[in-house]
Amino acid sequence: MTESVLPVGAATGRRRGLLGMTRLERGEAIWFYALISPWLIGFIAFSIGPIISSLYLSFTRYDMANPAVWIGLANYERMFTQDPLFLQSLKVTAIWVFGGLPLRLAVALFFAVLLNQKVMGMGIFRTIFYLPSVVSGVAVALLWMWLLQPQFGILNFFLRSIGLEGPAWLSSPQWALPGFIVMSLWSTGSTMIIFLAGLQGIPAELYEACSIDGAGKVRQFFALTVPLITPVILFNLVMGIIHSFQVFTQAFVMTNGGPANATLFYVLYLYRTAFQYSQMGYASAMAWVLFVIVLALTLIVFRSSGRWVHYEGGVRGR
Amino acid sequence: MSSIPAVRLRLHPKLGAKAADYVFRAFAFSVLIFGTITMIVPFIWMLSTSLKDPSEIFLYPPRFIPSYIRWANFSEALTVLPFGNWFINTTYITVMGTLGQVLSASIVGYAFARLRAPGRDLLFVLLISTMLLPEQVTMIPVFLIFKQLDWVDTWNPLIVPAFLGGGAFNVFLCRQFFMTLPLELDDAARIDGCGTLGIFFRILLPLSKPVLAAVTVFGVVGRWNDFLHPVIYLHTQAKYVVSIGLRLFRDYDATSWHWLMAAAVVTMLPCLIVFFFAQKLFVQGIATTGIKG
């Protein structure tokens, strides 16, 4: 290539070689691939490769002791026609996602708005509201088993003190799942903090303009805050859908799926199928159904987002 | 700053609006107090139970302040099962895993934020899309890989993947943060003879404490509390971590709440300490990266 065909603005005197790049550009590209190589290796070894092999496994019967046997769609058929436990786990998880998630998002947004006001001791408030999210896992599960204990638990004590008789929570088939939802409301801190970050991006002048126009706080919230925060709502909604489907630890520790399979969450059943019953093929098929459900919901949310998510100005340049 | 209308408003305040503002703030404050109590009571209840004599646990109405403080609950709870051993194991895994995660997420984030290369944007989309992938899809084949490598019942499956990417969300967080740092920094450093790695380690990393704090907190909290992976990979009790140890403890003795809560308090403590130290930076790290675009 001669210099005359170089685009305007290309550094003069640099020869274009491989892929039409200058030496400098090539060096940069080599550095880029060198630096991302750990991720790229992990991506191939732990994401792409396993996605393909789990799709294959989902069409087989495989118990790890014997070679995998191709059985076509039999796993998928079994799931929806011969496995009441699978349908139960789907139902439990659906209630958890469609009942619990909107509630969690609403609570998180409500408190994030309050945590964005100028009131005394805000730093302390923010820290305390985030605290429960720092301590997830088994310790929290144990703590909530104790809080939800029907006779001596603190929650039913408070309910009694306002004249309500609390349910048996985790030992009742009707109330175990609501008990899980109550627990999840306690630890919405990470969702809250992401909302808070979004709220802090709303210019104060807009609120001033809004109050000059005579809008009250409630009006401001619905007319200004909610539309401007919709991109963050979208983010939290999508991440919330993905995470809600994966609940496992609490179910495993607190109820182990019971009573009467009332808290048999999808991933708990998947775990049992794979690692206790060694049905790797069937479990892979369940994982793929989970994937398709999550993907479909995510796509529906994204598709609909054009109608309700409000982007300010143009798309930011990268 | 377009503060002129605001100033004028303050000079001639509508009394009604001002009063409404006070009422609103009082409302916000009291709801926040209520929320704070809701957030804090479970912790207090846990601490109180962990210090009670067993005879005071099943009292009704419950007593928040124990009649005497029984510290022995802690030593007893932690010696019934080898918790000391499990704490050491968990600390090792948490430190190594978090180190790997911070290191690889920041380097990969740097590459995506600062270096131009063909295919970069496509790879970034792939990276983001792995955030949408439920782990259960890859869990079984990944287990089979580790089984092939003879790594089941070792700590490798809990540590090694952290060095390979450090999690898509953390890479994303780092990239977003590096994007907010001015490019002129890189140019100036390059003129002074800094290479690609030099810019990263000497110029950008020292400016990135907030996002590093955030990734560290996520790493420590995530690994310390991780349950799914230990339960899949660790089978020998001597190799256990506290999360599965705690669960074993619950099966061992499901009604000794004074012991269970004592063990829970000790398990929560390291995460709380890390959070308190990193707190200010952490919140900044999340806020400045602006999870919007």
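Q: How do you know how confident the predictor is in chain B?
A: By pLDDT, the predictor's confidence in each residue, from 0 to 100. Chain B averages a pLDDT of 86, and 90% of the residues score at least 70. This is a predicted model: local features need pLDDT of at least 70, side-chain atom pairs count only at pLDDT 80 or more, and totals for chains, interfaces and linings use all residues. Residues are numbered from 1 along each chain as its sequence is written, and chains are lettered from A and ligands numbered from 1 in the order in which they are written.

Q: Over which residues of chain B does pLDDT stay under 50?
A: Over residues 1–12. The model has six contacts for them beyond four places in sequence. A contact means two C-beta atoms, placed from the backbone, within 7 Å.

Q: What scores does the predictor give the complex?
A: An ipTM of 0.85 and a pTM of 0.87.

Q: What makes up the contact between chain A and chain B?
A: Chain A gives 82 residues and chain B gives 80. Helix H1 (residues 23–57) of chain A supplies the largest share of chain A's side, 20 residues. By class, that side of chain A has 58 nonpolar, 18 polar and six charged residues. Here Ala, Val, Leu, Ile, Met, Phe, Trp, Tyr, Cys and Pro count as nonpolar, Asp, Glu, Lys and Arg as charged, and the others, Gly among them, as polar.

Q: Why is the run at residues 122–134 of chain A called a helix, and how does its span agree?
A: Helices are DSSP runs (H or I, at least four residues), as strands are (E, at least two), numbered from the N terminus. H4 of chain A has 13 residues. The expected span is 1.5 Å times one less than the number of residues, so H4 should span 18 Å; its end C-alpha atoms are 19 Å apart, which agrees.

Q: Which residues of H4(A) are called buried?
A: Among them are A:Phe125, A:Arg126, A:Phe129 and A:Tyr130. Buried means 20 or more other C-beta atoms within 10 Å of the residue's own; exposed means 12 or fewer, partly exposed in between, with C-beta atoms placed from the backbone. Of the 318 residues of chain A, 37% count as buried.

Q: How does the radius of gyration of chain A compare with that of a compact globule?
A: The radius is taken over C-alpha atoms, and the globule rule is 2.2 Å times the number of residues to the power 0.38. For 318 residues that rule gives a value near 20 Å, but chain A has 26 Å.
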